Amino acid sequence: MRWDRFFEDLEDQLDSEWEAERAALDSEAERLRVARLSLFERLSALSASVEGDVLVDMRGGASATGRPVGAGPDWFALDDGPSRGVLIVPLAAVIALGATHADVLRSARGGSLSRIRERMTLGFVLRDLARRRVPVTLVTTDGREYSGTVDRAASDHLDLALHDRGAPRRVDLVAGHRLVPFGALAGIRLDAPVALA
């Protein structure tokens, strides 16, 4: 009888050790998964299922609050209301993001990324805006704003034709041109409604 109890205790102890080892392995696997998670993946997950608004603090002291509506490997788009429109924020200009605890946890799960979305860089999006002649307002990391239309987007900079906000890009309305490095951008405000996906 004592031997039966002894073997039952050993079995219980072995089961407990296996459970502890399995929990430790699951915990380590989760830490490794999160260690491989990129900000792009988290922002993509937020864009797909955010419940609250997200606050973004940008270089130069600017902040915006809104709903993430799209993301690429080096940018994300924030819809901060019908009166403001969509703001494209380069990830290099992000100082911090604020979200509800539930959204932070949800984003840590990541999401499935399409191969196309992984290749939609900031340059790709800016070239599309140039092709469509979408009026924009560029916000730079030092707080300056330039309104106009993107004429060209190269590998690391863009050409902006300056004109009044809301005015069409016509030769007689262009007040000048600027070459703006992508690294100087804190945000690109779309001054007309555009679908980014």
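**Close-up views of the predicted model**

View 1. Arg106 and Asp103 are both buried. In this predicted model, the two side chains form a salt bridge, with 2.4 Å between the closest N and O atoms. Because Arg106 and Asp103 are 3 residues apart in helix H3 (residues 101-108), about one helical turn separates them.

**View 2. The ten-stranded sheet.** The 10 strands of an open sheet follow the order E5-E1-E2-E3-E4-E10-E6-E7-E8-E9, and their pairing is antiparallel. Strand E5 (94-98) and strand E9 (176-181) form the edges, each pairing on one side only. From one strand to the next, the twist averages 40 degrees. The whole protein chain contains 5 helices and 10 strands.

**View 3. The E1-E5 end of the sheet, with helix H2.** Strand E1 (residues 54-58) runs antiparallel to E5 and is joined to it by 4 bridges. Within this pair of strands, Leu55 stands opposite Gly98 of E5. Helix H2 (residues 39-49) packs on the sheet, where it touches E1, strand E2 (63-72), strand E3 (75-79) and E5. The directions of H2 and E2 make an angle of about 100 degrees.

**View 4. Helix H5 and the largest nonpolar core.** The core shown here has 25 residues; those touching the most other members are Ile88, Leu126, Leu129, Val136, Leu138, Leu158 and Ile188. At least two residues of this core come from each of E3, E4, H5, E6, E7, E8 and E10. H5 gives the largest share, 5 residues. Another core, of 18 residues, lies apart from this one and includes Ala64, Ala71, Phe76 and Val94. Helix H5 (residues 122-132) packs on the sheet and touches E3, strand E4 (86-90), strand E6 (135-140), strand E7 (145-153), strand E8 (157-162) and strand E10 (185-190). Its direction makes about 95 degrees with that of E7.

**View 5. The surroundings of Leu158.** Neighbours within four places in sequence are left aside here. The remaining contacts of Leu158 are with Leu126, Leu138, Val150, Arg152, Ala153, Arg178, Leu179, Val180, Phe182 and Leu185. Leu158 is also one of the residues that touch the most other members of the largest nonpolar core.

**View 6. The salt bridge between Asp80 and Arg189.** The closest N and O atoms of Asp80 and Arg189 are 2.7 Å apart in this salt bridge. Asp80 lies in the loop between E3 and E4 and Arg189 in strand E10, so the pair links distant parts of the chain, 109 residues apart. Asp80 is buried, with a relative accessible area of 14%, and Arg189 is buried as well, at 9%.

**View 7. The salt bridge between Arg165 and Glu145.** In this salt bridge the closest N and O atoms are 3.2 Å apart. Arg165 belongs to the loop between E8 and E9, and Glu145 to strand E7, 20 residues away. Glu145 is exposed, its relative accessible area being 51%. A search of the whole structure finds 10 salt bridges.

View 8. A network of salt bridges links Asp128, Arg131 and Arg132. Arg133 is located in the loop between H5 and E6. The phi angle of Arg133 is near 60 degrees, a positive value in a residue other than glycine. Arg133 is partly exposed, with a relative accessible area of 39%.

Conventions. Residues numbered from 1 in each chain as written. Predicted model: local features only at pLDDT ≥ 70, side-chain atom pairs only at ≥ 80, totals over all residues. Heavy atoms only, no water. Pairing = 2+ DSSP bridges. Axes fitted to C-alpha atoms, helices over the stretch in contact; angles between N-to-C directions. Contact = heavy atoms within 4.5 Å. Core = buried A, V, L, I, M, F, W, Y, C linked by side-chain atoms within 4.5 Å. Buried < 20%, exposed > 50% of the residue type's maximum accessible area, 1.4 Å probe, protein only. Salt bridge = Lys/Arg side-chain N within 4 Å of Asp/Glu carboxyl O.
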